[in-house]
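User: Hi! I have a structure here that I'd like to understand. Can you walk me through it?

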Amino acid sequence: MTLLVGALSGFFHSSTWYVLRNLAGFMVVVFWVATVYWVHKDARRRIEDGLLVWVSTLLGVVPFVGPLIYMLFRPPEYLEDVRERALEIRAIEKRLGGHDLHCPVCRAAVEEDYLVCPVCTTQLRQACATCNRPLEALWQICPYCATPIPGSDPLPSRPQWLSSAP
Ligand SMILES: [Zn+2]
Ligand SMILES: [Zn+2]
């Protein structure tokens with residue numbers, strides 16, 4: 001028993017023990033720096049407000065407890081996912097908006113301000129001679145630049161060709 005204690009005591013005073021202890025301390029510091037860096041990176045992906053990102057990073061500096069607290073309170077989603085979903089919702093709203101128009105010839109989807117169908121090149125609307133904006137069939141004057149629109153029917157393909165989606 002005395003021999004064992006002596007051996008242990010010898011070990012704890014040996015240079016091997018000091019090396020091991022310093023190595024362990026070094027690993028702990030590296031791990032701590034890594035958690036701070038991770039908190040900062042994660043906060044930047046989840047939080048828009050720059051000040052809050054830095055507050056989160058400061059919280060992450062608290063050794064090991066800080067990152068855990070941050071994980072409990074961080075926003076659940078990445079900013080890019082939030083933006084992507086907002087775009088998707090806007091696209092769905094646009095699709096459900098009811099004002100989607102179709103080319104009368106090929107039924108391709110066209111926008112309200114298209115002059116020609118991009119698929120079959122059917123003329124859908126006239127453009128204003130001065131400002132080149134698309135004009136409605138009933139307009140007598142361009143609302144954008146006040147250029148009078150020639151009264152007669154210059155094209156057979158007036159916008160009554162435009163039909164709303166069924
Ligand atoms: Zn078409
Ligand atoms: Zn005009």
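User: Is helix 5 buried or out in the open?
Analyst: Of its 18 residues, the number buried is zero, so helix 5 lies largely in the open. Buried means that 20 or more other C-beta atoms, placed from the backbone, lie within 10 Å of a residue's own. This is a predicted model, where local features need pLDDT of at least 70 and side-chain atom pairs count only at 80 or more, while totals for chains, interfaces and linings use all residues. Residues are numbered from 1 along each chain as its sequence is written, with chains lettered from A and ligands numbered from 1 in the order in which they are written.

User: How far does helix 5 reach?
Analyst: Helix 5 covers residues 79–96 and spans 26 Å from first C-alpha to last. That is close to the 26 Å expected, taken as 1.5 Å times one less than the number of residues.

User: And how much of the protein is buried?
Analyst: 9% of its 166 residues.

User: What helices and strands are there?
Analyst: Five helices and three strands, in the order α-α-α-α-α-β-β-β. They are DSSP runs numbered from the N terminus: helices are H or I with at least four residues, strands E with at least two.

User: Which residues put helix 3 and helix 4 in contact?
Analyst: Helix 3 brings Ser 56, Leu 59, Gly 60 and Val 61, and helix 4 brings Gly 66, Pro 67, Ile 69 and Tyr 70. Contact means C-beta atoms, placed from the backbone, within 7 Å.

Notes: Buried ≥ 20, exposed ≤ 12 C-beta atoms within 10 Å, placed from the backbone. Contact = placed C-beta atoms within 7 Å.
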